[in-house]
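Welcome, and take a moment to turn the structure around before reading on.

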2 protein chains.
Amino acid sequence: MPAYTQSIEKLIQNLSRLPGIGRRSAERIIDYILNAPASEVKVLSESISKVKESVRLCRICNNLSEQELCAICDDGARQKSIVCIVEKPGDVTALEKSGGYRGTYHVLMGSISPLEGKGPQDLKINGLLSRLKEDNVSEVIIATDADTEGETTAIYLTRLLKPSGVKVSRIGLGIAVGANLEYADSSTLAKAIEWRREI
Amino acid sequence: MPAYTQSIEKLIQNLSRLPGIGRRSAERIIDYILNAPASEVKVLSESISKVKESVRLCRICNNLSEQELCAICDDGARQKSIVCIVEKPGDVTALEKSGGYRGTYHVLMGSISPLEGKGPQDLKINGLLSRLKEDNVSEVIIATDADTEGETTAIYLTRLLKPSGVKVSRIGLGIAVGANLEYADSSTLAKAIEWRREI
């Protein structure tokens, strides 16, 4: 005797594929869905399809967008002369939330990872060099992750971009704001010493 | 500048309403959705609507079903003479998983909770008494929760059903299988002593 009806069992399997959702949490979500107003469930189901159908990558920077250009590339008030290079769209979101940056972005959609067999050819860097010229870019900030892949990618990009004469910088690496020195790992501490700045 | 596109922001809000999903896990799910094959996302979205549209309550026992009768009521091999009364469809699932029960069920769709203003009139008990007669029911097992509401409901049901002459029993209360006496709470221990059985 199956414990659930067919459509519930199917939804449990589909929900369990999502990150962070196991069988137990899928069951709780379905319990919620069965008790929620039909209109709310319709809106949920439709907004899942909507995101998949309407979200694409910005023609200029590869950030997530629902138009040809993302909201940042389309914003005349953003400084086109500074480009911040990140690995994925989520990094743009994180930096935008921090609120301090007024330039534009370039999303690589990946990083160089020899272990996973991903090289420079797997990064979306087409158009980056010509963009530097067209937009008269004065500075490129490399904001890839501080892990091995991110550092490798940063080194690769530095070598690629430097010859064009543009100023290339790397985001600050060191102790997180509010963190205790005592609990920082030794690689971070070593980086923090290396990145010290005269005050 | 909004950090996300409109449809992503909307999906974050809709997903965050689900139990156990916060903003951060909604973001991770959307990241997964954006990278998953379109067909998989379509299946997910459709199976959410499907559950909401097709699942209803069994005409006889109120268990979740996609037909007029649930799979258990529709199964000729189940003993119609024993009815197990539970609070919600999830309890049927739990008992079915345990595998030891071959009778039928009656789902109350709630419990008596004076604190929440829910009395016997909020329980689905219509048809239960006539069913006892029609199906020649010999025993009713009350399997409501072991909390205050469940106990109150059990007492109410006992008073309601006893006069019809049917045998009424309560599921065993006591120490969970595999549990340590040392860590059991005192109400459970008191219950376990009360429910002792000669061996």
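Predicted model: local features only at pLDDT ≥ 70, side-chain atom pairs only at ≥ 80, totals over all residues.

Let us begin with the meeting of chain B and chain A. How many residues does each chain bring to the contact? Chain B supplies 50 residues, and chain A supplies 50 residues as well. The size of an interface is often given as the accessible area lost when the parts come together. Here, chain B and chain A bury about 4,400 Å² between them, and carbon and sulfur atoms account for 71% of that area.

What holds polar partners across this boundary? There are 21 residue pairs in polar contact across the interface of chain B and chain A, counting pairs in which both residues are at pLDDT 80 or more. On the side of chain B that touches chain A, the elements giving two or more residues are α1 (6-16), α2 (23-35), α3 (38-54), β2 (64-65) and α4 (89-98) of chain B. Which of them gives the most? That is α3(B), with 13 residues.

In one salt bridge, B:Lys97 is joined to A:Glu27, with the closest N and O atoms 3.3 Å apart. Why are A:Glu27 and A:Arg24 about one helical turn apart? They are separated in this way because they sit three residues apart in helix α2 (residues 23-35) of chain A. Over all chains, the count of salt bridges comes to 26.

Now look at the sheet in chain A. It is an open sheet of four strands with parallel pairing, in the order β4-β3-β5-β6. Its edge strands are β4 (103-107) and β6 (167-170) of chain A, each of which pairs on one side only. From one strand to the next, the twist averages 25°. Strand β5 (residues 139-142) of chain A pairs with β6(A) in the parallel sense over four bridges, and A:Ile142 stands opposite A:Arg170 in β6(A).

Helices accompany this sheet. Helix α4 (residues 89-98) of chain A packs on the sheet and touches β3 (79-86) and β4 of chain A, its direction making about 160° with that of β4(A). Helix α6 (residues 148-161) of chain A lies across β3, β5 and β6 of chain A and runs at about 170° to β6(A).

Methods: Residues numbered from 1 in each chain as written. Chains lettered and ligands numbered in written order. Heavy atoms only, no water. Contact = heavy atoms within 4.5 Å. Buried area = accessible area lost by both parts, 1.4 Å probe. Salt bridge = Lys/Arg side-chain N within 4 Å of Asp/Glu carboxyl O. Polar contact = N/O pair within 3.5 Å; in protein donor to acceptor, adjacent residues only side chain to side chain. Pairing = 2+ DSSP bridges. Axes fitted to C-alpha atoms, helices over the stretch in contact; angles between N-to-C directions.
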